[in-house]
Amino acid sequence: MRGRQAELRLVIFDCDGVLVDSEPLANRVVAAELSALGWSMTAAEADRLFLGMTFSDMVPMIEQRLGRPLPQGWKQALVARLIAAFTAEAAPVAGALEALQGVSALGLPWRVASNSSHEEMRAKFARIGLSSAVAGRVHSHRDVGRGKPAPDLFLAAAAAEGVAACECVVIEDSLPGARAAAAAGMDCLGYAPHSDGTALRALGAVPFHSMFDVPALVAVARRRPA
C-alpha cells in the first residue's frame with residue numbers, strides 16, 4: 001500500500017467474493033442465461049468476463065457479442081433469478097464474519113460498497129445471517145452516478161461515515177474494485193484466494209489470500225504513521 005497520509009478511520013468491504021461467496025452462483029446463472037440466448041458459456045468464462053461489473057455495463061458487451069438487442073425485460077428477469085439463487089444458496093466467504101468482527105474489535109467502523117443492487121444484497125446478507133450487522137452500512141451502485149471502476153461508491157461510503165478518502169482502506173477481490181479504490185485515493189487490500197494477486201498488485205492493491213488475515217492486515221495499516 002501507499003504510505004498512509006492520515007489516520008485509518010474506516011474499512012470498506014466489497015460484498016461479492018469478499019463477504020459473500022456469491023460469485024459462483026452468479027456465474028452459473030449468467031452462463032446458463034447467455035447460453036440459452038446463443039452465446040455458449042461456462043461459469044468460469046462468465047467469471048473471467050464479468051467479475052466485478054454491473055449488469056448495466058454487461059448489457060452492451062452481451063449485445064455486441066450476440067449481434068442483437070437483448071429481449072425486453074431480460075436484465076430484470078436475470079436479477080430475479082439471481083435473487084432466488086442467493087436466497088437459497090448464498091454462503092459466507094471463509095473468514096468473512098471473523099474479518100468483520102476483528103475490524104470492529106479494533107474499534108474501527110466498516111461499511112459495504114458493492115456493484116450489486118440493494119435487493120440482491122438483502123437476499124445474500126439475510127441468507128448468511130448478517131442483515132442486522134450490515135443495516136445502515138450498505139452502499140449500492142444504484143445509490144451513485146457510476147459503479148466501480150469509478151470511485152463514486154467508495155467516496156459515498158467515506159462521506160456517509162464522515163471521513164476523508166485518505167483515511168480509508170478498501171477490501172476488494174476484483175480488478176474494477178481495485179481500480180475504483182485507486183481512483184478514490186484509497187489504499188486497497190486485494191483478496192486473491194486462487195492466485196498470487198499479480199493483477200491486483202499491478203493496480204496498487206496489496207494481495208492477501210485469506211479473509212482470516214484481514215484484522216491483522218488492518219491493524220498493521222492502522223499503525224502506519226500519518
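Which residues does M211 touch, not counting residues up to four places away in sequence? In this predicted model, the list runs F13, V18, V93, A94, G95, A96, A99, I171 and Y191, where touching means heavy atoms within 4.5 Å. Residues are numbered from 1 along each chain as its sequence is written, and side-chain values use heavy atoms, without hydrogens and water. Local features need pLDDT of at least 70 and side-chain atom pairs count only at pLDDT 80 or more, while totals for chains, interfaces and linings use all residues.

M211 sits in the largest nonpolar core, which has 54 residues; M211, F13 and F125 touch the most other members. A core here is a set of buried Ala, Val, Leu, Ile, Met, Phe, Trp, Tyr and Cys residues joined through side-chain atoms within 4.5 Å, with buried meaning under 20% relative accessible area (1.4 Å probe, protein chains only). Helix α1 (residues 23–37) gives the most to this core, 7 residues; helices are DSSP runs of H or I, at least four residues, and strands are E runs of at least two, numbered from the N terminus.

Now over to α6 (residues 118–127), which packs with α4 (residues 74–89) at about 10 degrees, axes 7 Å apart. Axes are lines fitted to C-alpha atoms over the stretch in contact, and angles run from 0 to 180 degrees between N-to-C directions. The two helices are therefore roughly parallel, a label for angles under 35 degrees. On the α6 side, the contact uses E119, E120, A123, K124 and R127.

The buried residues of α6 are E120, M121, A123, K124 and F125. Just after α6, G129 takes a positive phi of about 80 degrees.

Notes. Buried means under 20% relative accessible area, exposed over 50%, partly exposed in between (1.4 Å probe, protein chains only). Angles under 35 degrees count as roughly parallel, over 145 as roughly antiparallel, 65 to 115 as roughly perpendicular and the rest as oblique.
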